[in-house]
Amino acid sequence: MYFAALLARTEDGWEASDTELDDVETLSDLADLAREAAADGADDTVLVFIEQEDAWFGVVRVDGEEDPRVFVSNAAVAARSSYGAMLTDELLGHDQDDEEDELDTLDLDGTEDGYEDEAAGAADEPDGGEPSDGAAPAGPLGESAILADLGVSERRLLALDGDALVTIADALGAAEVLEAVR
């Protein structure tokens, strides 16, 4: 079961609204939904909170027309769910229309032009980075400093679990408005 809410920053504080994600298929769709929630204009900050039964949470931050910024608490777990996969795929650079993804489904033998060279280059990546198979890593993924200027430090965000969204909302001074839509 998912919980999703929008928090829009206004001159008077934060306004919260619950949201349905049924029509959201991409991060771009989610950013558009957030921009529509901006109370005082397109330049407002809007946070999208997504949570799945305390297994993982995600925060998407949209500041006006800037590209959305994303943080996911546990990418490997989130990648197994539809909305989590939407976020982790974006963070990992997976694109359904990507030519390389299409080549992977063809079961090529590695002798095609450029394919062998790319595979050799990927083997040279240092350990500890993104998994070589493109799978979401266990643990946090994305911009962990996404809320630092709003009072939630990178260290604090990385330490959250359980009812993390309420903790974040409390730090923002928006716990009451979030609880009202929960």
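The largest nonpolar core of this predicted model has 23 residues, and those with the most contacts inside it are Leu47, Phe49, Phe57, Leu147, Leu157, Ile168 and Leu172. A nonpolar core is a set of buried Ala, Val, Leu, Ile, Met, Phe, Trp, Tyr and Cys residues joined through side-chain atoms within 4.5 Å; buried means under 20% relative accessible area, with a 1.4 Å probe and protein chains only.

**Cores**
- At least two residues of this core come from each of β1 (2-10), β3 (45-52), β4, α7 (164-172) and α8 (175-181).
- Helix α7 gives the largest share, five residues.
- Another core, of 22 residues, lies apart from it and includes Ala31, Ile50, Trp56 and Ala78.

**Glycine 58**
- Glycine 58 sits in strand β4 (residues 56-63).
- Glycine 58 counts as buried because its relative accessibility is 0%.
- Beyond its neighbours within four places in sequence, glycine 58 is in contact (heavy atoms within 4.5 Å) with residues including Val48, Phe71 and Leu165.

**Whole protein**
- The protein has eight helices and six strands, taken as DSSP runs (helices H or I, at least four residues; strands E, at least two) and numbered from the N terminus.
- Buried residues make up 39% of its 182 residues.

**Basis**
- Residues are numbered from 1 along each chain as its sequence is written, and side-chain values use heavy atoms, without hydrogens and water.
- Local features need pLDDT of at least 70 and side-chain atom pairs count only at pLDDT 80 or more, while totals for chains, interfaces and linings use all residues.

Conventions:
Buried means under 20% relative accessible area, exposed over 50%, partly exposed in between (1.4 Å probe, protein chains only).
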